[in-house]
Amino acid sequence: MPRRVSIFGATGSIGQNTIDLIRRDPERYRVVALTGARNIAQLAADARALNAEIAVTAEERLLPELRAALAGSGVTAAAGQGALEEAAARPADWVMSAIIGAAGLAPGIAALRQGATLALANKESLVCAGALMLETARTHGARILPVDSEHSAVFQALQGEDMAAVERIILTASGGAFRDWPLERLAEATLEQATDHPNWDMGQRITIDSASMFNKAMEVIETREFFSIDPERIEVLVHPQSMIHALVGFNDGALMAHVGPPDMRHAIGYALHHPQREKLPVERLDLARIGCFEFRAPDDARWPALRLAREVMAEGGLCGAAFNAAKETALDGFISGALRFTEMAEVVERTLDVLSRQGGVIGAAMTLDNVAHVDHLARQVARAATQERT
Ligand code: NDP
Ligand code: MG
C-alpha cells in the first residue's frame, strides 16, 4: 500500500525539498493534499505531476486561477482557511507542516486530530501553542516529528536515551548575515543584506530571522516545548559553519553532536523515513577538507531576541503566541521598509510589555480561539509600535 502524504506549504522552500524527496520514489507515495498561497503555477504543476487528490491555496481570491491551472487534471481545487483545515482533516499517514507563520497552527492541529504523523517544520505552532499541539497529539494517538534541523538533530541524538540523563541541549546558530558586523552598523542593515544567508538556502522570512536571531529565539522555545526541558538547560552556541546542528549533553559528561551538511532534505528525509534511516541525496562531508569547526558564545547585545525568548518562557501561558505575532509583524515592518533592522526587537519587546501588563490576556487557557485572540491583539500593538517609529 502506498503511504498517503500531504504537504502544507508545498510551494515554499521546505515544501519543495519535501516534493524533491517524494518525487524520487513515486510508487511509494499517494499524495492527498498539496497547499500553497500565492504561487499558483507551482502549486498546480506539482499537484498535476504528483497526481494529488486536492490542491488548496490559502488565498480565496486566487481560486479561479487555481481552477483554470488544474482544468482537466482530475485534481480538486479549493481555497481559503476552511479549505486548508478540511484538507488537513483528510486521512493521511504523513503530513508535512511547512506553512510559514502562525497560519500553520490550525491545519497542523487538524492533521493531528485525524491521527497523522506530523512532520513539523512550522516551529511557530510550538511557539504559539506547544502544550495544545502535544496534548492534541496525545489524545488522538498522533505523532509529531521535528523537521527543524536543530530539533531533528536533538531527536536523533536522543534515540535510545533516557531524558532523565540529559543535562543540557545546545542549539547551534550560524549567526546569520551580520555575525561579524560591528554593532553600530546593525541599524543600517538593508533588506538585501539581511536576505543573504551565509550557509543555508531558505525562504526570505526565516533568512532574515536568522540574521536577527529571532529564528534561534523561536527555536529555544520550540526546544522547551518539544522536549519538555527546563529553559535553563537550553544553550545557544554560535557555530558559523552550520554543520553541527545541535548537541545533547548527558550526565556522564558526554556530548552527542549531530553533524551533517546544511541541507534540509536530511531532516525532512529523517522524518519521512523514521524509524528507519534511508539513503538521502545530500552531500557527504569531507571533514579533513573542512579542517576545523569554530564556536563562539552568543552576544545578547547583538541579538536581543535571545534574551526576549528567555522572558517569554519565564512568563509562559500565551506569551509565545504574542511573541510570534509581534515578531511576524515586526518582520513585515522591516521587509516593507517601515522599521530598521534593530527596531524589530524593540517592537517585539514593547508588544510583550503591553500585553503582559494585561494579565488576563497572556494567562488565558490555551485554546485555538485564545491563541488567535492573543495573536490578533499582539499584531495590533506591534503595528502601533511600528507606526511610532516611522
Ligand atoms: P517559505 O516562505 O519558503 O514557504 C512558505 C509556504 O507557506 C509557501 O508554500 C507559501 O505559499 C505558504 N504560505 C504563505 N503564507 C501562507 C498563509 N497565510 N497561509 C497558508 N500558507 C501560506 O517558507 P519556508 O519553507 O522557508 O518555511 C516554512 C516553515 O518551515 C516555517 O515555519 C519555517 O520557520 C520552517 N523552517 C524552514 C527552514 C528552511 O530551511 N526554509 C528550516 C527550518 C524550519 P506561496 O509560496 O504559494 O505563497
Ligand atoms: Mg532551524
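I14 is buried, because 28 other C-beta atoms lie within 10 Å; a residue counts as buried if 20 or more other C-beta atoms lie within 10 Å of its own, as exposed if 12 or fewer do, and as partly exposed in between, with C-beta atoms placed from the backbone. The model under discussion is predicted, so that local features need pLDDT of at least 70 and side-chain atom pairs count only at pLDDT 80 or more, whereas totals for chains, interfaces and linings use all residues. Residues are numbered from 1 along each chain as its sequence is written, while chains are lettered from A and ligands numbered from 1 in the order in which they are written.

I14 is found in helix α1, residues 13-23; helices (H or I, at least four residues) and strands (E, at least two) are DSSP runs, numbered from the N terminus. Leaving aside residues up to four places away in sequence, I14 touches G9, A98, A121, V147, M264 and I268, contact being defined by C-beta atoms, placed from the backbone, that lie within 7 Å.

I turn to the UniProt record. An unreviewed entry there places the feature "binding site" at T11, G12, S13, I14, A37, R38, N39, N122, E124 and G203. Feature names are shortened, positions follow the numbering used here, and annotations may be inferred rather than shown by experiment. Of these positions, N39 lies in the loop between β2 (29-36) and α2 (40-49). N39 counts as partly exposed because it has 17 C-beta neighbours inside 10 Å.

Next, the ligand. Ligand 1 is surrounded by 27 residues, the closest being G12, G36, A37, M202 and G203; a residue is near a molecule if its C-beta atom, placed from the backbone, lies within 6 Å of it. Two or more residues of this shell come from each of α1, α6 (123-139) and α9 (204-212). Helix α1 gives the largest share, three residues. By class, the shell holds 13 nonpolar, nine polar and five charged residues. Here Ala, Val, Leu, Ile, Met, Phe, Trp, Tyr, Cys and Pro count as nonpolar, Asp, Glu, Lys and Arg as charged, and the others, Gly among them, as polar.

Now to the strands. β8 (residues 166-173) pairs with β9 in the parallel sense over five bridges, where pairing requires that DSSP find at least two bridges. Within this pair, T172 stands opposite L237 of β9.

Finally, H274 lies in the loop between α11 (264-273) and α12 (287-290). H274 is partly exposed, because it has 18 C-beta neighbours inside 10 Å.

Note on methods. Two residues are in contact if their C-beta atoms, placed from the backbone, lie within 7 Å.
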